[in-house]
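Subject: Structure handover

Hello,

The structure we discussed is attached below.

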Amino acid sequence: AALTVIGRRRYWFGNGEEQRLDLHGTDLRGAHLSATHLEGADLHEAHLEGAVLFQAHLEGADLREAHLEGADLGRAHLEGAVLMAAHLEGANLRVAHLERADLGEAHLERAALRGPTGLTREQLAAAIIDGTTLLPAYLAEAPGEPDAV
């Protein structure tokens, strides 16, 4: 019932809401939150294993140490999100918007990063990416770098 209320909200942080949604440490495994507005939400240490966050709006969200193993974040808006030490093993990040996201020590093993992501080489260098599908992931152009790998 709580997820239905969250999914139906007409206002969110930065759009009529003055406080961030506090869901840190919650168990949202397998939750269906496609296209949900969670801008600026506090989801650090939340359990979102297998959650469907397709096209979700997570701009500026705090996802530090969140468990997103196997989550569907395809086309999700993660611009400026903090994903430090987040567990994204096996997650779908195809065409996710990761511009300015902090991926320091994030676990991206076996994650799928395809299509334009807005990622820079610097962001990826800070993450753990063993076995991650990167091609044809396009990296944002940085001075002196080509725009694709």
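The notes below go from the whole chain to single residues.

Please keep in mind that this is a predicted model.

Overall layout. The protein chain contains two helices and four strands, and their order from the N terminus is α-β-β-β-α-β. Of its 149 residues, 43% are buried. If you take the contacts between residues at least 6 apart in sequence, 8% join residues at least 24 apart.

Nonpolar core. The largest nonpolar core has 39 residues, and the members that touch the most other members are Leu63, Leu68, Leu78, Leu83 and Leu88. Leucine 83 has contacts with Leu63, Leu68 and Leu88, and also with Leu98, Ala101, Asp102, Leu103, Gly104 and Ala106, leaving aside residues up to four places away in sequence.

The loop between β2 and β3. Strand β2 covers 16-17 and β3 covers 115-119, and histidine 57 sits in the loop between them. The side chain of histidine 57 makes a polar contact with that of glutamate 59, at 3.3 Å. Not counting residues up to four places away in sequence, histidine 57 touches Ala35, Thr36, His37, Leu38, Glu39 and His77.

Alanine 41 is also placed in the loop between β2 and β3. Alanine 41 counts as buried because its relative accessibility is 0%, where buried means under 20%. With residues up to four places away in sequence left out, alanine 41 touches Leu21, Ala61 and Asp62. The C-alpha atom of alanine 41 is 8.5 Å from that of histidine 24, and the two residues are 17 residues apart along the chain.

Salt bridges. The count is two salt bridges. In one, arginine 29 pairs with aspartate 27, and the closest N and O atoms are 2.9 Å apart. In the other, the side chains of arginine 64 and aspartate 62 meet, at 2.7 Å from N to O. Are the two partners of this second pair buried or partly exposed? Arginine 64 has 34% relative accessibility and therefore counts as partly exposed, whereas aspartate 62, at 16%, counts as buried. Aspartate 62 is also one of the residues that alanine 41 touches.

Regards

Key: Residues numbered from 1 in each chain as written. Predicted model: local features only at pLDDT ≥ 70, side-chain atom pairs only at ≥ 80, totals over all residues. Heavy atoms only, no water. Buried < 20%, exposed > 50% of the residue type's maximum accessible area, 1.4 Å probe, protein only. Contact = heavy atoms within 4.5 Å. Polar contact = N/O pair within 3.5 Å; in protein donor to acceptor, adjacent residues only side chain to side chain. Core = buried A, V, L, I, M, F, W, Y, C linked by side-chain atoms within 4.5 Å. Salt bridge = Lys/Arg side-chain N within 4 Å of Asp/Glu carboxyl O.
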